[in-house]
Every structure is written in structure tokens, then in C-alpha cells.
Amino acid sequence: MSSRIVLVINAGSSSLKFSVFRVDGTETLQLVERGQIDGIGTRPRLHVKNATGGVVVERTFATAEVSSIKDAIRLAGAWLRERFQQESLLAVGHRVVHGGVHFSHPVLIDPEVLAALEQLIPLASLHQPHNLAAIHAIREGQPQVLQVACFDTAFHRTHPQIADLYALPWEYYQSGVRRYGFHGLSYEYIATRLPQIAPEIADKRVIVAHLGSGASLCALQAGKSLDSTMGFSPLDGVPMGTRTGALDPGVLLHLINQRGLSGTDLEKLLYHESGLLGLSGISNDMCVLLESPEPRAQLAVEYFVHYTVKQIGALAAVLGGMGGLVFTAGIGENSPLIRARVLQACAWLGVSLDAAANARGDPRISAAGSAVSAWVIPTNEELMIARHTLALINNRETGYVD
Ligand code: ADP
């Protein structure tokens, strides 16, 4: 019997990322290959690596050959069919940024679901159209393939209402202006890892710091999201590579009314020109800033640490204390310096650092006897999507509906 695979897709404005997981007999998922088509519409390039990081393929294409997500799906599909012709594709799982109020779990895509997801485009106009373009392209090319949508917002639907509100007139809340929260697939994955890696805190109050190019923090109570730092959009909370993090709305009024910035200008400024890049004037890459002697690079790092610590304090207050703090994503997983700076500033919360464990990147980086434990847990959003996709397909086959 041919083995079975699950394909995970993350479609963005100029890139299409995909991961292939093999399903073994016991229904566990094994990453086989991970690839990306980037430079869609500019300098298209396909590169694929195997599970241990070995290069499988690297190829460039003429701009006209891959000018849209649809072209990228066609290209990736042809390449994958050729490469995995012996395997049978069980389903495709997609990362979809917005599930709105109603999608609190992953869902099998049908025309009705797709129509509901189209309705959410105004809530995430920068990301949702690309996610949906990939789904449409597969439906057109391979209508028989089962597709599953997994949402960045879904994990946060356990928030109490108070954490979903803005102090705006009520009709705005009713029409969808809410704190949705993002990075949910990452937090959900971490929540599933806690019982194995850090069982003593899995049922307690935990703050997870997802610190990557995009960055946010989440307050978990017994593995459920209680609050998070991102709100209506992925702009709120801590500063990011090129995004502002929290900003006084009065600044926006000033920029519109006094400086004449348009909506498009603001979008560019807030999403692409701010954060670490805007502050430093040098780079959005934390590695570059940490190595730079420039004062503004150092200031950007200070700012990042300061506002991360401030948000930890805020979330600890919401939780009424914390039992553990988890670092994840590019900066959280790889920078002992940032972890140390954050943890030293959180000493008042009862966490003390084990410097050697932190330098080694051990799973546990707090000292023995620290009242609050600190951890490094690599995230894996693709695996979370693959697990959801497989579970939905299996439930469908057995007739079980959650
Ligand atoms: P995303 O998935 O949101 O694109 P990542 O989670 O990959 O982002 O995180 C990217 C960030 O992680 C970049 O700012 C990068 O500089 C940072 N990073 C990666 N490795 C290190 C490291 N060793 N030290 C400091 N920062 C690092």
C-alpha cells in the first residue's frame, strides 16, 4: 500500500510555503520536506529542503511563469505530484489568518465555509485574500482534494468577553471590531507540548512569549488562552521586525489630520517601516541589531526588551500570577541574550535564571528553586496544522463530529 501524506500550505503576499508530512500506520506525522516559492511576481524561486535541512531543489523561474499565488500553487503542485507520485495525498491543511468570531476550530472547506471566509477579508485584507487564493487554486485544479482551514485566531476564542472588547460604542463590537488575537496555532502547539516538556506548569498559569519577526504574548490558564497582546490586527502589543506594536491612536489622528497620511500610507508605515527597523534605521533582523555597535540598534533592542517585559507584567496581572514563562519563535528560541534580559527584568515576579542552561538553550532555563519556571520550547505551527488536518479527515471517515 502506498503511504499517505498531508500537505500544509501557508500562502502570503509574495511567498508560498509548504510542508509535506508522511502519516505512518499509527497516525503519527513525520515531516518529509519543507519548501517555499518566494519572489512571486518579482524573482520567483523554488527551494525545498528535507527534514534534516539538506537541499532537495533550488530553482529560479521567469517572472511571468509565477506571477500569482495561483501560478505558485500550480508549480508547487506539479513538483509535489512528480516527487511524491508513489504516495496518496490525504488532504491539504491551510494556515488561514482570520476565522472571525465563529470559527473556533479548524474546519473542512466546502463552498459554504469558503463564502464565510471571504466575508472576513475586510478584517484581514493583507493576508486573508492570499490564504483564500491558494484554496481556490487547489479547488480549481484538483476539486477532489480535501482541504482544511486552520486559523490563527481560533485558539483565542476561549477569551472571556472582557478580553475581546474595545471601549468603543457597542455597535463596533457587534460589527466585528474585537480583539481577535493571533499566533494561535503557535500557542496551541506550545499548550500541547507543556504536559510533555513542563508537566509541572501545564495546568497552571503560563505566559508564552512568541518572539519572532511577528511577536506577541499569550496568557494561558490550564492550556487555554485567556488573553493575548495582539488584538484586532497583528499590529498591537510588543514591537516587531517592521510593525509598531501598541501605538497611541492619537498618533494616527495626528498623522492623518496634520500630516495628511492616507490609509495606504499608514498601512505601509505601521506594517512595513516601523518596529525594530523603524527604530534602528538599520534592520528588522534581531541578529543584525544585536551585533551592531550603533546606538540606535541598541535602543531598538532595549525597546523590544522593555515592552516585552511590560506585557509580561500586564498578562501576569490578568492571570493573577504566573507559574511559568515560555519563550518560542525565532528570537525566543535562539537568543540567550534577549531571554536573559527579559528574565532578569522579571525577577520581581519570582523567576531566577540559570545562566548556563540559558546559554545552552536547555528546555528549562530557570534556576532550581525558582518560584516561577522559565522554558524554551520550539514552536511548530506546520505540525499543528497537519495534526488538525489529519484529525478532521479521520473524524470525517469515522463519522465523528466534534
Ligand atoms: P517569522 O516566522 O515570524 O518570520 P521567526 O520566528 O523565524 O519569524 O523569527 C525571526 C527573527 O528571529 C528575526 O528577527 C531573527 O533575527 C531572529 N533570530 C533568529 N535567530 C536568532 C539568534 N540566534 N539571535 C537573535 N535573534 C535571532
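I looked up the second largest pocket and found about 900 Å³ of space in it. The model is predicted: I took local features at pLDDT of at least 70 and side-chain atom pairs at pLDDT 80 or more, while totals for chains, interfaces and linings use all residues. Residues are numbered from 1 along each chain as its sequence is written, and side-chain values use heavy atoms, without hydrogens and water.

A pocket here is an open set of points on a 1 Å grid over the protein atoms alone, where a 1.4 Å probe fits, with protein on both sides within 12 Å along at least five of seven lines; lining residues have an atom within 4 Å of a point. The volume is the space filled by probe spheres set on the points.

I listed 31 lining residues for this pocket, with Tyr166, Phe232, Ser233, Leu235 and Leu252 nearest its centre. Helices H7 (249–257) and H8 (263–272) each give two or more residues to the lining; H8 has the largest share, five. Helices are DSSP runs (H or I) of at least four residues.

I then turned to the ligand. Of the 13 residues around it, Ser213, Asp285, Met286, Gly330 and Asn334 come nearest; near means a heavy atom within 4 Å. I checked polar contacts (N or O pairs within 3.5 Å). Backbone N or O atoms lie 2.8 Å from a ligand oxygen at Gly330, 3.1 Å at Met286 and 3.3 Å at Ile331. Helices H10 (286–291) and H12 (329–334) each give two or more residues to the shell, and H12 gives the most, four.

Terms used: Polar contact = N/O pair within 3.5 Å; in protein donor to acceptor, adjacent residues only side chain to side chain.
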